[in-house]
Each structure stands twice: as structure tokens, then as C-alpha cells.
Amino acid sequence: MAAQKINEAHEHMAKAEKCLKTGLTKWKPDFDSAASEYAKAAVCFKNAKQFDQAKDAYLKEAEYHTENKTLFHAAKAIEQAGMMLKEQKKMPEAIQLIEKACMMYMENGTPDTAAMALDRAGKLIEPINLEKAVDLYQKAAGVFENEDRLRQAVELLGKASRLLVRLRRLDEASVALQKEKNMYKEIENFPMCFKKTTAQVLVHLHRADFVAADKCVRESYSLPGYSGSEDSIAMETLLQGYDEQDEDQVHRVCSSPLLKYMDNDYAKLALSLRVPGGGAKKKKAAAPQGGAGGAQAEEEDDYEGGLC
């Protein structure tokens with residue numbers, strides 16, 4: 001089966017070369033037919049699992065589509081060549097070709113196709129290179145944003161934000177989350193704005209920036225429905241506990257279903273959040289119960305960490 005497919009591929013390549021020859025009766029190479037034959041050859045190589053030869057055939061197809069000024073088809077062929085490299089586990093090279101295809105999609109005036117290809121490339125590289133995946137998702141989001149397709153843009157920004165948190169690039173994550181929140185506000189998806197506020201608070205507290213965390217909650221009160229919502233109450237309680245160094249209160253909020261069932265990267269931030277100074281109030285809970293000793297310990301604890 002494989003040998004038969006390989007033979008078929010070579011036959012198509014021979015036909016392609018014939019299409020490119022010129023003579024007395026044929027002054028111009030037939031780039032369109034040559035590209036078509038190389039496309040058929042590529043599929044045969046691919047079915048025979050000869051991925052390197054398939055990649056070369058796709059690149060030849062792209063070359064002749066480019067000669068023929070059919071950039072969209074050229075970009076498609078280059079993207080397919082990238083997928084052949086992916087089959088060979090050559091991910092960085094695969095991503096390079098897909099990015100090249102995206103530039104051609106843009107040049108051809110089909111930015112949506114470019115953005116979707118960048119998204120696919122991000123998914124491919126994410127398991128092995130988070131930094132590159134962030135870059136690709138952000139580029140894809142930028143393309144969609146330029147086309148006023150904010151729903152698609154914000155979804156890709158969300159992917160980038162989560163990966164920035166996973167990479168502990170929290171300063172960048174806080175900026176990305178603000179951008180997400182602004183977009184959700186623009187498309188009037190206010191419940192998602194609430195979720196992004198919660199994510200912002202967690203990121204800011206991990207950055208030890210209480211002021212920024214408090215500010216983004218205050219600003220969210222201008223959003224319809226935020227005041228008195230489950231999200232706002234949880235964040236007020238969390239900020240109060242954090243400010244008062246009450247580790248029990250912080251732990252209660254962070255392990256509540258509202259935070260526990262967020263996207264995994266934010267849920268991990270919640271569960272790993274610690275109050276500054278080690279949480280004086282938690283020690284109070286561990287003080288001996290009953291008797292004068294217990295009462296005295298409680299009295300002392302009431303002032304612990306609170307007078308400086």
C-alpha cells in the first residue's frame with residue numbers, strides 16, 4: 001500500500017514538471033496545474049507516512065501557487081507543510097511555517113483564517129513551550145480585535161492570561177486580565193467581568209499589591225449587578241481577611257466553590273494564597289481552649305501584630 005502511494009506521488013511530480021516546461025507551442029509554465037499535481041503528490045506521500053517528502057511537495061505546491069498569485073492556496077499549502085513537520089515532532093520548525101502561512105493569509109486579506117491558524121499553532125506548541133504559545137495566542141487575539149471580532153479575541157486573550165499565570169509572569173498577567181475585562185465590558189458580558197475581577201484580585205495579592213487588588217474591586221462596582229453579587233461579597237471578605245492577616249478567613253474564601261471551580265490556573269492561585277506576616281489570627285484559633293490560660297492567650301492574641 002505504502003509503496004503504491006509513493007509510486008503515485010512520483011507520477012504526480014513527473015506530471016508537475018511537465019506542466020512547467022515551455023516550448024514553441026507553450027510559452028508560459030502552467031503553474032496552476034503544477035501546483036495541483038504537487039498537492040496530489042503531497043497527499044500520496046502523507047498517506048504513505050513519508051512526512052518529509054510530503055512536506056517538500058506541499059512547499060513546491062505553495063511555490064507555484066505563489067507564482068500564480070493565488071496567495072490563499074499558497075498559505076494553505078505552507079500550513080500543511082507545517083503539519084508534516086509536526087508529524088515528525090519538529091515543533092519549532094512547524095510553528096515557523098504556520099506563522100509564515102499566517103502572514104500570507106493577512107497579505108491575501110483573509111485575517112480570520114490567519115487568526116485561526118495562529119490559534120491552532122498555539123495549541124500545538126503549548127505542551128512544550130508555554131512562552132511561544134502565549135505569543136501566538138496574543139497575536140491571534142490582536143488579529144481578531146482589529147477585525148472587531150471581540151468575542152473571539154477575548155477568548156484567545158483568556159488563554160494567554162492563564163498561561164502567563166502558569167509561567168508566574170504575574171505583572172503581565174494582570175495587564176492581560178485588565179484587557180480581557182475591558183473587552184467583556186464592551187460586549188456587555190458582565191458576569192465574565194466579575195470572574196475577571198476575581199482573577200485580578202488573586203494575581204495582585206500574589207504580587208503583594210493589596211492596593212491594586214482593592215482598586216480593581218472598587219472599579220467593578222460600576223458594573224451592572226456587581227454590587228451585592230456573590231463575587232463582590234467574596235472579594236470584600238477576601239480583601240478584609242488579607243488586610244487583617246486573618247488566614248482562616250482568607251482560606252475560607254479561597255477554598256469556597258466560587259474560587260475552587262475557576263479555571264485551574266486561578267484555582268491554584270487561590271489555594272496557594274497566604275496572608276502577609278504568617279496570619280496572626282490563625283494562631284488565635286490554635287490557642288488553648290477554656291480556663292484562665294486560654295482567656296489570657298486570647299487577650300494577648302487580640303493585640304498580636306495589631307499595634308505596629
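Modeller: Happy to. Let's start with Gln245, which counts as partly exposed because its relative accessibility is 24%. The cut-offs are these: buried means under 20% relative accessible area, exposed means over 50%, and partly exposed is in between (1.4 Å probe, protein chains only).

Biologist: What should I know about the model itself before I go on?

Modeller: This is a predicted model, where local features need pLDDT of at least 70, side-chain atom pairs count only at pLDDT 80 or more, and totals for chains, interfaces and linings use all residues. Residues are numbered from 1 along each chain as its sequence is written, and side-chain values use heavy atoms, with hydrogens and water left out.

Biologist: Back to Gln245, then. Where is the place of Gln245?

Modeller: Gln245 sits in the loop between helix H12 (230-243) and helix H13 (247-254). Helices here are DSSP runs of H or I with at least four residues, strands are runs of E with at least two, and both are numbered from the N terminus.

Biologist: And how do I read a backbone angle such as phi?

Modeller: Most residues other than glycine have a negative phi. Gln245 has a positive one, near 60 degrees. Lys69 also has a positive phi, of about 65 degrees, although Lys69 is not a glycine.

Biologist: Is Lys69 buried or exposed?

Modeller: Lys69 counts as exposed, at 69% relative accessibility. Lys69 lies in the loop between helix H3 (51-67) and helix H4 (71-87).

Biologist: How many helices and strands does the protein have?

Modeller: The count is 17 helices and 0 strands. Of the 308 residues, 45% count as buried.

Biologist: How do I read the way two helices pack?

Modeller: Under 35 degrees counts as roughly parallel, over 145 as roughly antiparallel, 65 to 115 as roughly perpendicular, and the rest as oblique. Here, the axes of H7 (residues 130-146) and H8 (residues 150-166) come within 8 Å and cross at roughly 160 degrees. H7 and H8 are therefore roughly antiparallel to each other.

Biologist: Which residues in H7 and H8 meet?

Modeller: Contact means heavy atoms within 4.5 Å. Among them are Leu130, Tyr137 and Phe144 in H7, and Leu150, Leu157 and Arg166 in H8. The residues of this contact of H7 with H8 divide into 14 nonpolar, 2 polar and 3 charged. For those classes, Ala, Val, Leu, Ile, Met, Phe, Trp, Tyr, Cys and Pro count as nonpolar, Asp, Glu, Lys and Arg as charged, and the others, Gly among them, as polar.

Biologist: What does Asp231 touch?

Modeller: Asp231 is found in H12, and Asp231 is buried, with a relative accessible area of 7%. Leaving aside residues up to four places away in sequence, Asp231 touches Phe194, Lys195, Thr198, Tyr226 and Leu258.

Notes. Axes are lines fitted to C-alpha atoms, for helices over the stretch in contact, and angles run from 0 to 180 degrees between N-to-C directions.
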